[in-house]
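Please look over the model shown here before reading on. The notes that follow are grouped by topic and are meant to be read beside the sequence and the coordinates.

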Amino acid sequence: MIRNKRFKAASAVLLLLLLAVVLSGCTTFDNFKKTYIDKKVVGDTNTINIGIYEPGSGEFKEQGEEEIRGIELANSIYGNVNGIKINLVRVDNQSDINSAKTAIQNLIKMKPTVIIGSAGEANSMVASPYIEKAKIPAITPSAANPLITENNKYYFRASITESQRGAGLAEYAYSVLNSRKIATISIRNDSSNTALLKGFNSKLSELETAAAGDAQSEPTSSIVYKEDINIDFAGYKKLVKKIKKSGADVVFIPFGTEKADLFFKTVEKEKLEGNITFVGNSTWNDYDFTRMMKKHPNIKVVFPSDSVFSAGKTTTKSITAETQRFLIEYANKYGDDNEPTSNAALGYDSYLIAINAINKANSTKPDDIRKALSKLSDVRGVTGVFSFDKDGNPVKSVNLSTIKKGNIISLYVTNDTTVAQTMEKIK
């Protein structure tokens, strides 16, 4: 009890300091005041609904509940826009495509002004045509499939796509690690892996071309080895020997937790753990992967993470006042021992994006809000600064993390903002 009181007291002091920092910058304060303080009534009613379309059961229950925590926290802090109270209405899509259809239809009947959701790629894909037909703007916190937003001007996302994550990994490998010996492993018929690797290769080619131009020479490929494998691949020993022979010091691998464990065991047998940095996908930003990596303390891994904080720490370059406020308020609401996840942060950011659009539109009409969403720029959220491309994807920097002493630690934020590739480009 004493510890909680002290934490809340310290949180209050820190929050006041953060607000002072916010108010010290004219532009930041104007945006804050315009969005959260002004009391102009813009509609015929003093209450509007924001719909929550998330799984409360089934395979994606945990992810959905994390996103809901972030949404509800944001709503408890920013419960009105321009004097209009925001009410949250929720349906459970049950992590099932058949239930998802009924859930989104029921939610639309509640006449929400904006919809937030869903965890699970398929759930968002199911909802997409219904959202477009109803002409209600929607924001998915975490679903990364480009088809969800592409060709649907009503669907936006808070998370970056796999191609953007791949571009971030390439910048780190080439510009930070200065690697010119990179190996890439891809899985056949895996759309997420294909998009991630396409983004990686595209950014790598861009960096190589720029470097060649500066040196007035022809671009040289940094890929020294690449392999295309089946999803049931198990030939780790042979693969590691080929990587060793190539001399690669950065290796792009598509493995999940179980296969990565077997792969890293083989890497250690070949005594390569000190020579290579392994870059992978965002599924590594997970408790199971972190726990597995305790068996491989000398293996260096880097992966994309939508969160800019971990273990109570933040990445200085991308921190905003909202990041700090989120950390304080999350601990106050859910307990200081309950560390927020990336999904919670993205749920929170989705809500912030929605209320910024409502404010910018100065209207409660869904189509006005959709237009405002498409024109939003420099919205400072928990996970970074948001603007959107023509397909509703965020144009933002990529956050990369690593694992040290059993904890996920923020490592690097890309210098360049990244733009999602369309499906036509990544086929």
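Thr257 is found in helix 9 of what is a predicted model, and with a relative accessible area of 24% Thr257 is partly exposed.

- Thr257 and Trp284 are separated by 27 residues in sequence, while their C-alpha atoms lie 7.3 Å apart in space.
- Once neighbours within four places in sequence are left aside, Thr257 is in contact with Asp288, Phe289 and Met292.
- Thr266 also has its place in helix 9, which covers residues 257-269; its relative accessible area is 13%, and because this falls under the 20% limit, Thr266 is buried.
- A polar atom of the Thr266 side chain lies 3.1 Å from the backbone oxygen of Leu262, and, not counting residues up to four places away in sequence, Thr266 touches Tyr236, Lys237 and Val240.

- Six strands make up an open sheet in the order 2-3-1-4-5-6, with mixed pairing; strand 2 and strand 6 (155-157) are its edge strands, each pairing on one side only.
- Helix 5 (residues 121-134) packs on this sheet and touches strand 1, strand 4, strand 5 (138-140) and strand 6, and the direction of helix 5 makes about 145° with that of strand 6.
- Strand 1 (residues 47-54) pairs with strand 3 (residues 84-92) in the parallel sense over eight bridges, and within this pairing Gly51 stands opposite Val89 of strand 3.
- Strand 2 (residues 80-81) runs antiparallel to strand 3 and is joined to it by two bridges, with Val81 standing opposite Ile84 of strand 3.
- Strand 2 and strand 3 form a hairpin that has two residues between the strands, and Asn82 in the turn has a positive phi of about 55°.

**Helix 11**

- What span should helix 11 have at 1.5 Å a residue, and how far apart are its end C-alpha atoms? The 14 residues of helix 11 (residues 321-334) should span 20 Å, and the end C-alpha atoms are 20 Å apart, which agrees with that expectation.
- The buried residues of helix 11 are Glu322, Thr323, Arg325, Phe326, Leu327, Ile328, Glu329, Tyr330 and Ala331.
- Helix 11 is followed by Gly335, whose phi is positive, near 105°.

**Nonpolar cores**

- The largest nonpolar core has 38 residues, and those with the most contacts inside it are Phe326, Tyr348, Tyr351 and Ile353.
- The elements that give two or more residues to this core are strand 1, helix 3 (61-77), strand 3, strand 4 (114-116), helix 11, helix 12 (342-361) and helix 13 (366-375).
- Helix 12 gives the most to this core, with eleven residues.
- Another core, of 30 residues, lies apart from the largest one, and its members include Tyr225, Ala248, Phe255 and Ile299.

Terms used. Residues numbered from 1 in each chain as written. Predicted model: local features only at pLDDT ≥ 70, side-chain atom pairs only at ≥ 80, totals over all residues. Heavy atoms only, no water. Helix = DSSP H or I, 4+ residues; strand = E, 2+ residues; numbered from the N terminus. Expected span 1.5 Å × (residues − 1). Buried < 20%, exposed > 50% of the residue type's maximum accessible area, 1.4 Å probe, protein only. Pairing = 2+ DSSP bridges. Core = buried A, V, L, I, M, F, W, Y, C linked by side-chain atoms within 4.5 Å. Polar contact = N/O pair within 3.5 Å; in protein donor to acceptor, adjacent residues only side chain to side chain. Contact = heavy atoms within 4.5 Å. Axes fitted to C-alpha atoms, helices over the stretch in contact; angles between N-to-C directions.
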